[in-house]
Amino acid sequence: MSFEPRIVAFLCNWCSYRGADLAGTSRMKSAANVRPIRVMCSGRVEPVLILKAFKVGADGVLVLGCHPGDCHYAEGNYKAARRMPLLKKMLEQFGIEDERVRLDWVSASDGVRFVSIVDDITAKVRELGPFLRS
Amino acid sequence: MAKLNLAIYWAASCGGCDIAILDTNERILDIAEIADIVFWPIALDFKYSDVQAMADKSIDICLFNGAVRNSEQEHIAKLLRAKSKAMVAFGACACFGGVPALANFTNRAEIFDRAYIKAPSNDNANHTFPQTLTKVEEGDLELPECYDTVLTLAQVVDVEYFVPGCPPPVDIINKIVDALASGQLPPVGSVFGSDKALCDECDRVKEEKKITRIYRPYQIIPDPEKCLLEQGIICMGPATRGGCGQRCINANMPCRGCFGPPPGVIDQGAKMLSAIASIYDVKDEAEVKRMVEEVVDPAGIFYRFGMADSMLKRKRM
């Protein structure tokens, strides 16, 4: 059986989770590797949550928030946008490849974009292989 | 009260914690009055066989400093655990891994390759490495096995008390001596330090945390009154337990995090990374990128003392 990546996706309640939900109710086909976790805002997703996801078995982590300027809490997604590049720089030092972690923006009406991002990260992580090297 | 039996041991350590005990100066006499030091490799001539011969739990308190990174250190940690009523993880290395735990960004093979082959001062054409067992005509020579991953003391044995700091400050060591003398030790599992972050006890003026540039400590002469973070210098204060007396801050240098995370924080490095990025006062992607570039070594700065105790514990090799 070939490797199927486990992707943890932190989805913000107001935009990306609703976008994911729309993709589901519209019966859009996508990779089935994502485990969604609903948070109120992408700005809630602090680095330790991403590290913990890897520690408990994730091969990739996706963080999706509202588009810049559209955050339900005004600035939360900007905070996420400041944290992620610094975290990724540090993850490189931990031997964690850049493509395993992704921050992106999905609006509540954009089921199509949700599917496209999920398929993309799943393909990239499948190619990278499991997080835990045997 | 009968004299306590006190053991002090050093594992992957620089010796600073032992010196800190001597830095109590004349209070060492108080220590000598309430305790018999039954094992202290840096200062006294007791051997491992002396410890082996002790009855279980006959050592009242064992101050164990240094991280665990080889089989000898693990063996002695377990031996001292069996012989001791209470184990104290003494110093940042025993508590969190300390500076030696930065070796978790590499592994034994890479370290040996660098130390015994690649280092410029080597003359080792035969690629001779230390071996755990070497047979010579007089018999067998043994060396401890070096591990890939540096561990905290608590990752090897049960630990009753934690004394953070690199090294623990003298007034905290004095508190421990007072507690031992009066027989009033804190609850098992206690950390000797404040229950709040360093910022709470830091007396610098704090206004608004918004920065547009990161400075490395050598790049500016900081204003001695203002918060260092507000001046763009990465200070680990927000993610570090207080109780050290802000000695580094008073020397106009940023906190490096040697007291480990405050209560409730699982991963000191990740928490501090989050705090630093949160105070960037820029929105533009290119500006964020610039500020990220200004943090030259995020892993080294945020995990300087806490790597072994962190969420991921080591680099993925």
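Two strands count as paired here if DSSP finds at least two bridges between them. Helices (H or I, at least four residues) and strands (E, at least two) are DSSP runs, numbered from the N terminus. The model is a predicted one, in which local features need pLDDT of at least 70 and side-chain atom pairs count only at pLDDT 80 or more, while totals for chains, interfaces and linings use all residues. Residues are numbered from 1 along each chain as its sequence is written, with chains lettered from A and ligands numbered from 1 in the order in which they are written.

**View 1. The open sheet of chain A has four strands.** Follow the strands across and you will meet them in the order β2-β1-β3-β4, with parallel pairing. At the edges sit β2 (34-39) and β4 (101-105), each of which pairs on one side only. On average, neighbouring strands are turned by 20 degrees against each other, direction ignored; axes are lines fitted to C-alpha atoms, for helices over the stretch in contact, and angles run from 0 to 180 degrees between N-to-C directions. Five bridges link β1 (residues 7-12) to β3 (residues 60-65) of chain A in the parallel sense. For a handy landmark, look for A:Leu11, which stands opposite A:Leu64 in β3(A).

**View 2. Chain A as a whole contains four helices and four strands.** Reading from the N terminus, its elements run β-α-β-α-β-α-β-α. Its C-alpha atoms fill a box of roughly 40 × 35 × 20 Å, taken along the principal axes. The radius of gyration of chain A is 14 Å, which agrees with the value near 14 Å for a compact globule of 134 residues. This radius is taken over C-alpha atoms, and the globule rule is 2.2 Å times the number of residues to the power 0.38.

**View 3. Helices α1 (residues 16-25) and α4 (residues 111-128) of chain A pack with their axes 7 Å apart.** The angle between these two helices is about 90 degrees, which makes α1(A) roughly perpendicular to α4(A). Angles under 35 degrees count as roughly parallel, over 145 as roughly antiparallel, 65 to 115 as roughly perpendicular and the rest as oblique. From α1(A), the residues A:Ser16, A:Gly19, A:Ala20, A:Leu22 and A:Ala23 meet A:Gly111, A:Arg113, A:Phe114 and A:Val115 of α4(A). Residues are in contact if their C-beta atoms, placed from the backbone, lie within 7 Å. By class, this contact of α1(A) with α4(A) has five nonpolar, three polar and one charged residue. Ala, Val, Leu, Ile, Met, Phe, Trp, Tyr, Cys and Pro count as nonpolar, Asp, Glu, Lys and Arg as charged, and the others, Gly among them, as polar.

**View 4. Helix α3 (residues 76-93) of chain A meets helix α10 (residues 268-278) of chain B.** Within its own chain, α3(A) lies across β3 and β4, running at about 160 degrees to β4(A). The axes of α3(A) and α10(B) come within 8 Å and cross at roughly 135 degrees, so the two helices are oblique to each other. Contacting residues of α3(A) include A:Arg82, A:Leu86 and A:Met90, and those of α10(B) include B:Leu273 and B:Ile276. Six nonpolar, two polar and three charged residues make up this helix contact.

**View 5. The contact between the chains takes 23 residues from chain B and 21 residues from chain A.** On the side of chain B that touches chain A, α10, α11 (285-294) and α12 (298-302) each supply at least two residues. Of these, α10(B) gives the most, with seven residues. The residues on this side of chain B divide into 15 nonpolar, two polar and six charged.

**View 6. Five strands of chain B form an open sheet with parallel pairing.** Their order is β2-β1-β3-β5-β9, and the edge strands are β2 (35-39) and β9 (161-163). Three bridges join β5 (residues 84-90) to β9(B), and B:Ala89 stands opposite B:Phe162 in β9(B).

**View 7. A hairpin of chain B joins β6 to β7 through two residues.** Strands β6 (residues 133-136) and β7 (residues 139-142) pair in the antiparallel sense over four bridges. Here B:Val136 stands opposite B:Gly139 in β7(B).

Conventions
Contact = placed C-beta atoms within 7 Å.
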